[in-house]
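Kindly read each point alongside the coordinates.

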Amino acid sequence: MRQMMIVLLEFYPSWLALPREERRNYAASLQEIINKYSPEISVRFFDAEALPGKDYTDFVVCETENIKQYHYMWEEIRDSEPYTKGYMKIKDVIMGLEDAFQSYEKEALRMPVE
C-alpha cells in the first residue's frame with residue numbers, strides 16, 4: 001500500500017547565519033542521502049517560511065511503499081551534520097495511506113472493485 005508522509009521541518013536562525021556556500025554544502029550532503037533511497041522513496045522539498053505555516057519553516061513530501069526504507073532514510077538524515085549540529089528539527093509528521101478504504105473493501109470484505 002502506498003504511503004505518504006508530510007514531514008514538517010524547522011530550520012533555525014543558526015542555519016540562516018551560515019554562509020550560503022556552507023548551507024549549499026550541507027544541503028548537498030542531505031541530497032546524497034535522499035538520492036541513496038530514491039529508488040524506493042519519492043521526496044519533494046517545499047519552502048514554507050514566507051507563507052502561513054505554524055511551527056515549521058519547510059516541509060518534505062515523501063511517498064513510498066517501503067516504510068522501512070523511509071525510516072532508514074530519516075535515521076541517516078538525523079545522523080547528518082545539519083541535524084546533529086542543531087540547524088534543523090523534525091517538528092511533526094502527517095502520514096496517510098493511499099486508497100486505504102478501497103484496499104480494505106477489496107481485500108478484507110472481498111467487495112468487487114469499481
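**Notes on the predicted model**

1. Ser103 is found in helix α5; helices (H or I, at least four residues) and strands (E, at least two) are DSSP runs, numbered from the N terminus. Ser103 is buried, at a relative accessible area of 16%, where buried means under 20% relative accessible area, exposed over 50% and partly exposed in between (1.4 Å probe, protein chains only). Not counting residues up to four places away in sequence, Ser103 touches Met1 and Ala108; contact means heavy atoms within 4.5 Å.

2. Residues are numbered from 1 along each chain as its sequence is written, and side-chain values use heavy atoms, with hydrogens and water left out.

3. On confidence, the protein chain averages a pLDDT of 94, and 99% of the residues score at least 70; pLDDT is the predictor's confidence in each residue, from 0 to 100. Within the protein chain, helix α5 (residues 100-107) has the lowest confidence, at a mean of 89, and α3 the highest, at 98.

4. The second largest pocket holds about 240 Å³ of space. On a 1 Å grid over the protein atoms alone, a pocket is an open set of points where a 1.4 Å probe fits, with protein on both sides within 12 Å along at least five of seven lines, and lining residues have an atom within 4 Å of a point. Grid points are joined across faces, edges and corners, and a volume is the space filled by probe spheres set on the points. Ser103 belongs to the lining of this second largest pocket, as do Phe101, Gln102, Glu105, Lys106, Glu107, Met111, Pro112, Val113 and Glu114. The lining divides into 4 nonpolar, 2 polar and 4 charged residues, where Ala, Val, Leu, Ile, Met, Phe, Trp, Tyr, Cys and Pro count as nonpolar, Asp, Glu, Lys and Arg as charged, and the others, Gly among them, as polar.

5. The largest pocket contains about 510 Å³ of space. Its lining comprises 22 residues, with Phe11, Trp15, Ala27, Leu30 and Phe45 nearest the centre. Two or more lining residues come from each of β1 (3-11), α1 (13-17), α2 (20-36), β2 (41-47), β3 (58-64) and α3 (67-79). Helix α2 supplies the largest share, 7 residues. By class, the lining has 14 nonpolar, 1 polar and 7 charged residues.

6. Which residues touch the most other members of the largest nonpolar core? They are Cys62, Met73, Trp74 and Ile77, out of 21 residues; such a core is a set of buried Ala, Val, Leu, Ile, Met, Phe, Trp, Tyr and Cys residues joined through side-chain atoms within 4.5 Å. β1, α2, β3 and α3 each give two or more residues to this core.

7. Met4 is found in strand β1 and is partly exposed, at 34% relative accessibility. Among the residues that Met4 touches are Cys62, Ile94 and Gly96. Met4 and Leu97 lie 93 residues apart in sequence, yet 6.3 Å apart in space, C-alpha to C-alpha.

8. Asp99, in the loop between β4 (88-97) and α5, has a positive phi of about 55° although it is not a glycine, and is partly exposed at 45%. Arg110, in the segment after α5, also has a positive phi of about 55° without being a glycine; Arg110 is exposed, at 70% relative accessibility.

Definitions and conventions: Predicted model: local features only at pLDDT ≥ 70, side-chain atom pairs only at ≥ 80, totals over all residues.
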